[in-house]
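Open the model in your viewer and keep the sequence panel at hand. The stops below go from one selection to the next.

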Amino acid sequence: MGEFSTADYRYMARAIQLAKRGLYTTDPNPRVGCVMVHFDGSAEGSIVGEGYHVRAGEPHAEIHALKAAGSAAQGATAYVTLEPCSHTGRTGPCAVALAQAGVARVVVAMGDPNPQVSGGGIEYLKAAGIQVQVGLLEADARALNPGFISRMERQRPFVRLKMAMSLDGRTAMGSGESQWITGPQARTQVQRLRARSSAILSGVESIIMDDSRLTLRADQLALDNAAEIVQRQPLRVILDSRLRLPLAAACLREPGRTLIITTDQHSEEKRRKLAAAGAEIQVLPAEGGRIALADMLRWLADNEQVNELLVETGATLAGALLEANLVDELQLFVAPTLLGGEARPLFALPGITQMADQKRLTIKESRTVGQDWWITATPHAD
C-alpha cells in the first residue's frame, strides 16, 4: 500500500465526494470520481482538474478530469476512487488516457472488483512507468458501489429491503389498507432509495393489494435534478409464479419496463395478454413450487446488470429473503402509531419458535425524518 500523506487523504476524499454526484445516474456503471493534482515541490499541492462519471455510455471520471486539466496533467498525480479501466467498452480505456497525458503518479482507492479485468489497469500504468499506489480510503470507495461490487464478486445484486411499519411492527390493516403509515419526508427518502437502484422488486400479492406503481416521481424526490433522474425509471420486477397479475395493474401503464418472473410455462393466453398490456415475462426454475430466489437474483445480475435491488413487498417474500440469507441491508421506516394485533406483520418467519431461532439485526444508523424514524440495519452475522 505504501505511505500516504495528509494531502493524499484530502484529495482522495474529494474524489469520493465527486463520485457521489453520480449516485442516481451512472447505473449500471459504478460511481467514480477523479482529482488531478500538481504538487510542484509543495506538500499541499493544488487541483488542476477533476471530474466524475455522470452516466453510462459517457466519458469516465478520469477523462473528465484530464480534459479539465489539459496540459497541466503532465507530471500530475491522479486520485481515482476505482482502478482505471484497461479495456475498451462504450468508451476508451482510462489507463491508456492517463499514460498518454503524462501523469506521473496514480493513487487508487480500490481495485476493479471484476475478476476478468482486476489489476489490468494498475499493471498497464506501472508498465508505462507511472507510480501507482492502491488502497487509500478503500472502505469509503467500496461504500460508493455496493451493488456493482456485489454483482462482480458474488454474481448477484446488493439486496436492500425497504419496509414501513407502525411502532408495534405492523405494515397494514387486516384488510390490506396501508396508505399512508409514514409521512411525506419518509416517502421522499424511499423515492431516493428507488432512484439509486437498478431495479425494484415486489411480490404479486403486494401489487394486487396496493396496486403499487413502483416508479420514481420527480415531485417526491425533492432534488434539483429530479426531472433528469426520473427519465431513467428502475426496472420493475414482479415475482408471480402463477401469473396472477391483473391486466389493469397500474405498474403496466407506467414509463419504463415491467418484468414478470414466473414459473408458469403453460398459461400461454395469460402470458400473451400480459405482454400485450406491456409486461415482459421470464420463466425461471421453481424450488418447492416457488420461484428459486437465489437463481432469480443471479439471473437479474447476469441478464439485466442489476447492481442494487430495492425490495418493496409484503411479509411473505420479505421473510423468505431473510430466511434464505439473501438480504444485505434493511431500510426500516417506523411511524409513531399503533395498528393493533389484527394488522399485518412485518415479516412472515414461521420457523421461529424459540428465542434461539431469532433473527438478530445490527443497527448501522438511525435518524428521524419528519415524525418518523429511519433505521438502517443489516442481518446479524452468525
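Begin with the lining of the largest cavity, which draws at least three residues from each of domain 1 (4-143) and domain 2 (151-377). Note that this is a predicted model.

**Stop 1**

The space inside the largest cavity comes to about 90 Å³. The count of cavities of 30 Å³ or more is 1. Colour the lining by residue class, and the largest cavity shows 5 nonpolar, 7 polar and 5 charged residues.

**Stop 2: the two domains**

Now colour the protein chain in two parts, residues 4-143 as domain 1 and residues 151-377 as domain 2. Taken over C-alpha atoms, the centres of domain 1 and domain 2 are 35 Å apart.

**Stop 3: the interface**

Show the residues where the domains touch: 12 residues of domain 1 are in contact with 14 residues of domain 2. Between them, the two domains bury about 1200 Å², with 46% of that area on carbon and sulfur atoms. On the domain 1 side, select Tyr 24, Asp 27 and Pro 28, which lose the most area to domain 2 and together account for 52% of what that side buries.

**Stop 4: polar and charged pairs**

How many salt bridges are there between domain 1 and domain 2? The count is 4. Next, display the side chains of Glu 153 and Arg 142, which meet in a salt bridge at 3.2 Å, N to O. To finish, colour the side of domain 1 that touches domain 2 by class: its residues divide into 5 nonpolar, 3 polar and 4 charged.

Definitions and conventions:
Residues are numbered from 1 along each chain as its sequence is written. This is a predicted model: local features need pLDDT of at least 70, side-chain atom pairs count only at pLDDT 80 or more; totals for chains, interfaces and linings use all residues. Side-chain values use heavy atoms; hydrogens and water are left out. On a 1 Å grid over the protein atoms alone, a cavity is a set of points where a 1.4 Å probe fits but cannot get out, and a pocket is an open set with protein on both sides within 12 Å along at least five of seven lines; lining residues have an atom within 4 Å of a point. Grid points are joined across faces, edges and corners, and a volume is the space filled by probe spheres set on the points. Ala, Val, Leu, Ile, Met, Phe, Trp, Tyr, Cys and Pro count as nonpolar, Asp, Glu, Lys and Arg as charged, and the others, Gly among them, as polar. Domain bounds come from an automatic or database domain assignment. Contact means heavy atoms within 4.5 Å. Buried area is the accessible area (1.4 Å probe) that two parts lose on being put together, summed over both.
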